[in-house]
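Hi,

Here is the model I said I'd pass along.

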Amino acid sequence: MTAFPFLLLILAAVVGYAINRVAARGIRDGGSRLHSMTSYHGMYSALLVLVPVLTFILVWLALQGAVIDRLIMSGLPDGVLDGLDGGGIQLVLAEIKSIAGGQVFGTPEDWKIAASERLLTTRERADWLLIALVAVMSLALMIFARTRVKADFRARQGVEGIVTGLMIFCSVVAIFTTIGIIVSLSYETLRFLERVPLSEFLFGTNWEPQIPLREDQIAAEGAFGWLPVILGTIVITVIALVVAVPIGLFSAIYVNEFAPKKLRTIIKPLLEILAGVPTVVYGFFAILVVAPAIRSFGQSLGLDVAPNTALAAGGVMGIMLVPFISSFADDALSAVPQSLRDGALGLGATRGEMMTTVLFPAALPGIVGGVLLAVSRAIGETMIVVMAAGLIARMTINPLDSVTTVTVQIVTLLIGDTSFDNPKTLAAFALGTMLFIVTLGINIFALSFVRKYREAYD
Amino acid sequence: MMKDSMETKLDVDAMNVKFSARDVQVHYGDTHAIKDVSVDILDNTVTAFIGPSGCGKSTFLRTLNRMNDTIDICRVQGDIYLDGMDIYDPNIDPVQLRAKVGMVFQKPNPFPKSIYDNIAYGPRIHGLARNKAELDEIVEKSLRRGAIWDEVQDRLDAPGTGLSGGQQQRLCIARAIATEPEVLLMDEPCSALDPIATAQVEELIDELKANYSVVIVTHSMQQAARVSQKTAFFHLGNLVEYNDTNEIFTNPQDSRTESYITGRIG
Ligand SMILES: Nc1ncnc2c1ncn2[C@@H]1O[C@H](COP(=O)(O)OP(=O)(O)O)[C@@H](O)[C@H]1O
Ligand SMILES: [Mg+2]
């Protein structure tokens, strides 16, 4: 039933297209010179019908449920809802809906059955009303579009205008989503800051996000200093970069300049496979292979190694970032013009000298941009660290110790039964905000680097 | 019969020969780009390669410093001697050869570095200077020889890419000179330049022949006539005619040469 208005709309658009196109062709065959090509006249009609009516249908469907609910509830006999709070009213509504859906538990009161019948008829009427409205609107718009077909009608400009509008709409959606995220994050963060002072959050070196379970419980006051958590993130990120940057960079240099063509066609897809491995799988790898290996190796050297080391989580995260960095570096190196390579080789440089003295410096801004984007990915990466890093926040930079990260803490804070009015849960949003600020800053910095590099050869 | 006349010519200049190529073939995959070319290129002379585009001028030029080695699908056969030494001998290091046989490209291609570093590039990678003072000296000498010293002497730290097109090309010539080559190969060095810059570069080429053997590819017959003493006409991968520039332009032996210089094929 819901599909029907859409089918109707598509039909109207197609018919409108055909009618306008035929009409335009008729004018052209009558000897007048058309301003726009006939297909633009057709497109004009189709878009003129599609865009407003589709918007109408979507808005209707979005609001329909809520409006019908309200109608049903207000139509209930007086007095049946007396003494019920918000939750109770919701429960009644849910029961009416399930009766309407054919699931009857026990013997419901008569007024509930009556309401559910009314619900069904209202829904059906609403559907028919929608179909009728869609038909009328489509027809009106089609006729309007048809009247516009004239030899000098600028249908192309009309179509371009509508399409431009659509593109603007799409980009605005992205912007508004971002704004929405920022607003909701800051709202919860402000609620957190009402309970925990900003200075404690930013500069505190203790992270123990407990809350008293009972009012009278003592010694369970939480500590919400984010420093040890961000320090853990930094340690793991640094380890990841120490692994990823050299491997990614050298593999890119090799593939770009030294590898025979055949090898290049093998290595590139392999790197892409690496990029497609889900991070959960990397997490398994870290926890089942890398962490035990590091532990037994460290113990054989007489070192004290935690079961969950920053080294294991960071190292595996580094492997995850290798294809990311190498593809950025490869793009940057490929963008260096052939004429510069020729220039260096023509002066008697070896390929290696050409790479280190000309290609690499010329590609450096692009490579740095890629590394910075990798940094913000490492900071935001969740799955690997949830599986392989620890839970206890410590002020340590020892890679053989267990550390925790911002993302891990966010996950653990929100797992389990939570209510959104205590500092423990709200702390997750505060951490999320900080993460957002840090990665946003790095991304802006990285993008400006990449942009600068784009200008270099124009 | 044409071959005979050419060989007598070669004997006369034998003392002065820089490059001598014998039966050179170049293939790009299945494309036969240079067919059986033999030629002697003289020292202290400007030699022009002319011919319709795609006839193999650049390809042949690039065999002379083994730049074709950098193209995977390119195969070179035959012998090319530089001062009697076979440059395709396995013992020859193409990297050292290219320091000896400098190359200037169609589009000016200064590195995105300072003017100083552009010139110092070759001397640095070949270790031609023992200290900063020597390097400074090489840079100044090369820029003077490149006829661009006066324009850049007080901004050696400025990026080479910030110069005008004509200045960039002279910078590239100076950069090639800085490795102390014996031969300079130029592939259409003026095709991206305006007439004034072209005149400056042509004047420079004329001065360079005092110290170097210069080979220049050009699509402009006027340019070949202005700057060169010897001209080689290529057509479809063949070397059709090679002679004194005057002779080629006033008294071409081959009908194809005549058609080309009178503008009937191009
Ligand atoms: N890198 C290359 N790969 C394949 N074919 C090439 C390449 N360079 C040149 N050729 C071919 O070799 C022939 C000669 O080219 P080129 O030497 O550039 O001519 P010219 O410089 O006289 O215009 C042309 O047919 C061209 O298509
Ligand atoms: Mg060419």
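Where pLDDT is low, the predicted coordinates should not be read in detail. Helix α1 (residues 2-13) of chain B has the lowest mean pLDDT among that chain's elements, 46, while strand β3 (residues 46-50) of chain B has the highest, 96. Helices (H or I, at least four residues) and strands (E, at least two) are DSSP runs, numbered from the N terminus. Chain B as a whole averages 90, with 94% of its residues scoring at least 70. The model scores are ipTM 0.88 and pTM 0.75.

A bit of housekeeping: this is a predicted model, where local features need pLDDT of at least 70 and side-chain atom pairs 80 or more, while totals for chains, interfaces and linings use all residues. Residues are numbered from 1 along each chain as written, chains are lettered from A and ligands numbered from 1 in written order, and side-chain values use heavy atoms, leaving out hydrogens and water.

Now the interface. Chain B puts 22 residues into the contact and chain A 19. Together they bury about 1,600 Å², 62% of it on carbon and sulfur atoms; buried area is the accessible area (1.4 Å probe) that two parts lose on being put together, summed over both. In chain B, F111(B), Y121(B) and I125(B) lose the most area to chain A, together 28% of what that side buries. On that side, α3 (94-100), β6 (101-104), α4 (115-125) and α7 (165-177) of chain B each supply at least two of the residues touching chain A.

One salt bridge joins E188(A) and R191(A), 3.3 Å from N to O. These two are about one helical turn apart, because they sit three residues from each other in helix α5 (residues 155-195) of chain A.

Cheers

Technical notes
Contact = heavy atoms within 4.5 Å. pLDDT = per-residue confidence, 0-100. Salt bridge = Lys/Arg side-chain N within 4 Å of Asp/Glu carboxyl O.
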